[in-house]
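Let's take a friendly walk through a protein chain together. Have the sequence and the 3D view ready, and turn the view as you read.

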Amino acid sequence: VFFYKYIRPKNEIEKIIKQNSKLIKKISTPEQLAFKSLSFLHPSVVDTAWKMTAHYYDYLQQETNKRKIPFLVVNLTYQPYESGFDPTFTESTNLLEENLEKYFSEKQIPYLSMKNLVREYHTLNPASLAIPEDGHPTKEGHRFFAEKIYPWLKENLSK
């Protein structure tokens, strides 16, 4: 225990986890705990959660750059952009999306958001891309994502 706690060098992920653990209390607000879904953030805690997440993205970018591995990001958060979804989920997802877009734009990291693509899909086709009460993509959802993501990957991996 002494070696683990005081002598062994900490890796970068452990440092990020320790740093972020101090922010967990700020996310465990009454609004978040009472929110309808634990897999979504309440809009009031998105900024705090983003501060935690950005540290991991910084780490990933450093590590992929060191290894000369392309770092590409696709945001597959799509359900709140389907028609008839609770507006609170859409609000929190929009706040997160703003942070993602700004971050990846500033870092010049290729980024694809499914937000507008899903909205366009639902304008023409009201069927959900997700399995009801499950959240995972349906057969049509998988087809849709593959059709949209594959050309983007080919373009960005060839740079």
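The expected span of a helix is 1.5 Å times one less than its number of residues. Helix 6 has 21 residues, and from its first C-alpha to its last it reaches 30 Å, close to the 30 Å expected.

Now try helix 8, residues 139-157. Its 19 residues should span 27 Å at 1.5 Å a residue, and the C-alpha atoms at its ends are 26 Å apart, so the two values agree.

## The whole chain

How many helices and strands does the chain have? There are eight helices and two strands. Starting at the N terminus, the elements follow the order α-α-α-α-α-β-α-β-α-α. Taken along the principal axes, the C-alpha atoms fill a box of roughly 60 × 45 × 30 Å.

Of the 159 residues in the chain, 36% are buried. The chain exposes about 10700 Å², and carbon and sulfur atoms supply 58% of that area.

## How confident is the prediction?

The average pLDDT of the chain is 87, and 94% of the residues score at least 70. Where is confidence lowest, and where is it highest? Helix 1 (residues 2-7) has the lowest confidence, with a mean of 70, while strand 2 has the highest, at 96. As a reading tip, where pLDDT is low, the predicted coordinates should not be read in detail.

## Helix 8 and its tryptophan

Helix 8 bends by about 25 degrees at Ile149, and the proline Pro151 follows within four residues. Its buried residues are Gly141, Phe144, Phe145, Ile149, Trp152 and Asn156. These pack against strand 1 (73-75), strand 2 (111-113) and helix 7 (115-124).

Take a closer look at Trp152, which belongs to helix 8. Why is Trp152 called buried? Its relative accessibility is 13%, and the cut-off for buried is under 20%. Leaving out residues up to four places away in sequence, Trp152 touches Leu72, Val73, Val74, Pro110, Tyr111 and Leu112. Trp152 and Val74 are 78 residues apart in sequence, yet their C-alpha atoms are 9.6 Å apart in space.

In soluble globular proteins, nonpolar side chains tend to be buried together. Here, the largest nonpolar core has 12 residues: Tyr78, Tyr81, Leu112, Met114, Val118, Tyr121, Leu129, Ala130, Phe144, Phe145, Ile149 and Trp152. Helix 7 and helix 8 each supply at least two residues of this core. The largest share, four residues, comes from helix 8.

Not counting residues up to four places away in sequence, Val118 touches Tyr78, Tyr81, Glu82, Leu129, Phe144 and Phe145. There is also a second, separate core of 10 residues, which includes Tyr57, Val73, Leu100 and Tyr103.

In helix 5 (residues 46-67), find Gln61. Gln61 counts as buried because its relative accessibility is 14%. Beyond its neighbours within four places in sequence, Gln61 is in contact with Phe71, Lys107 and Ile109.

Most residues other than glycine have a negative phi. Which way does phi of Lys68 go, positive or negative? It is positive, near 60 degrees. Lys68 sits in the loop between helix 5 and strand 1, and its relative accessibility of 75% means that Lys68 counts as exposed.

Just after helix 6, Gln108 also takes a positive phi, of about 55 degrees. At 72% relative accessibility, Gln108 counts as exposed.

Note on methods: Residues numbered from 1 in each chain as written. Predicted model: local features only at pLDDT ≥ 70, side-chain atom pairs only at ≥ 80, totals over all residues. Heavy atoms only, no water. Bend = angle between axes of the 7 residues up to and from the residue. Buried < 20%, exposed > 50% of the residue type's maximum accessible area, 1.4 Å probe, protein only. Contact = heavy atoms within 4.5 Å. pLDDT = per-residue confidence, 0-100. Core = buried A, V, L, I, M, F, W, Y, C linked by side-chain atoms within 4.5 Å. Areas by Shrake-Rupley, 256 points an atom, 1.4 Å probe, with all protein chains shown as cover.
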